[in-house]
Amino acid sequence: MSKISFSVNGEARVLELDTRTTLLDALREHLHLTGSKKGCDHGQCGACTVMVDGRRINSCLTLAVMHEGDEITTIEGLGSPENLHPMQAAFVRHDGYQCGYCTPGQICSSVAVLEEIKAGIPSHVTADLGAAPQVTADEIRERMSGNICRCGAYSNIVEAITEVAERQA
Amino acid sequence: MKPFTYERAASPAEAAAAVARTPGAKFIAGGTNLLDLMKLQIEAPTHLIDVNGLALDKIEPTAEGGLRIGALVRNTDLAADARVRRDYALLSRALLAGASGQLRNKATTAGNLLQRTRCPYFYDTNQPCNKRQPGSGCSAIGGFSRQLAVVGHSEACIATNPSDMAVAMRALDAVVETVKADGTTRAIPIAEFHRLPGDTPQIETALEPGELITAVVLPPPIGGTQIYRKVRDRASYAFALVSVAAVVQRDGRGRVALGGVAHKPWRVEAAEAELPRGARPAMAAILADARPTHENAFKVTLAERTLHAVLAEARG
């Protein structure tokens, strides 16, 4: 067992955990924040995506004990049913899901993707490494490739993200 | 996962000494490959030494005019670094062709160099695999080998190295800096860092037990047109069937390293003299020793055609 303190959605949390506990299991099983989903549990599907210190990661592929002092944001920290995050509202408006299981990961990833583009981080499809990347459908598709949707809501997800990007611009 | 104890490293030398003296101990940095393998009990360390707190996360110029990349620099940060994008575009391109945004945010420079093969038989614990269980045999030979090695392999193992980053580093003549358990340091040329499988495929690198990577050094920029072309079964987030990392100069000379074809990034310096004559003679020389399986002979043709496309793009 190992003691760990971190902040989750702005709230300080202290846990006593088996060292084997992934960040995802700490969030779901110990803090009962079940928005982050366990899909493949191997970093392949993206359903567990959360933000740590502002960067999106697969919470299934990291140990909770490795996050002492970190600031973790889950889907519950982005918005609430009464006060949706703009990306959540856009997913609803554009029907960016069917079963909804991958959606929390898709939304956390989407929010981070727009921040990554703003920060000038290039992607595989960025034509010019010397220029700032733009929000295009190709950029969104490439950057969201770590989030799988077996229902196939991809085209609506791209539309939702594009709308939020345009509103931010 | 099997139970393990956990500690945070205080310094690189102490971390190296701790792993060397503790049977079953491993370093953990990004953890994206190690934890995946631990969940499958392919890796079962009894003790983890978390090196994330070590100050090895800077990219700094060297006195020679190159760059020293700290072992803990995340793949995202390395790919996005303005100096890397300008002077070592090949490396940015290779990094961005690999994994997903989430994984690149976690994965480190040193960890990328040390990632294990994605051979399906290495992952299937019900099957013999000399890399996972030395002496048990190789299920891939005669098995599903479409993704596996065409050159440099052995009777014991036909696995490939999955890294894109390492292929670019091989073309750029990077040097891996380490600290050993006794506190001494050394510099290992990337060409000598990864090993061919031979009869010990479980030994993948030149690292000694406990030896910790502290940085990767890039020599001064060599200019040229730098292209990383990766061919895979889908457009994003997949391992390479074949990848070509090329630096092509105006006179047609250059360097080429291949990914997806061998147990290590594959580069044959002597073959590069053929580059000005075109992709066919160059690839014939680079893959002169190729011995593909019944399922992956297409990689030899694919490598030549990919190089052809790269050279055409370089000519503009």
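User: How far apart in helix α4 of chain A are A:Glu115 and A:Lys118, in residues and in turns?

Analyst: This is a predicted model. Both residues belong to helix α4 of chain A, which covers residues 103–118.

User: Which residue forms a salt bridge with B:Glu269?

Analyst: B:Glu269 lies in the loop between β11 (254–259) and α11 (279–286) of chain B. The partner sits in helix α9 (residues 165–171), so the pair ties together parts 99 residues apart in sequence. The closest N and O atoms are 3.2 Å apart, and the partner is B:Arg170.

User: What is the relative accessible area of B:Arg170, and is this residue buried or exposed?

Analyst: B:Glu269, at 38% relative accessibility, counts as partly exposed. Buried requires a value under 20%. B:Arg170 has 7%, so B:Arg170 is buried.

User: Which residues are linked with B:Arg170 in a network of salt bridges?

Analyst: The bridge between B:Arg170 and B:Glu269 belongs to a network of salt bridges. Linked with B:Arg170 there are B:Asp173, B:Arg255, B:Arg267, B:Glu269 and B:Glu272.

User: How many salt bridges does a search of the whole structure find?

Analyst: One more example is B:Asp57 with B:Lys58, at 3.1 Å between the closest N and O atoms. Over all chains, the search gives a total of 33.

Conventions: Residues are numbered from 1 along each chain as its sequence is written. Chains are lettered from A and ligands numbered from 1 in the order in which they are written. This is a predicted model: local features need pLDDT of at least 70, side-chain atom pairs count only at pLDDT 80 or more; totals for chains, interfaces and linings use all residues. Side-chain values use heavy atoms; hydrogens and water are left out. A salt bridge is a side-chain nitrogen of Lys or Arg within 4 Å of a carboxyl oxygen of Asp or Glu. Helices (H or I, at least four residues) and strands (E, at least two) are DSSP runs, numbered from the N terminus. Buried means under 20% relative accessible area, exposed over 50%, partly exposed in between (1.4 Å probe, protein chains only).
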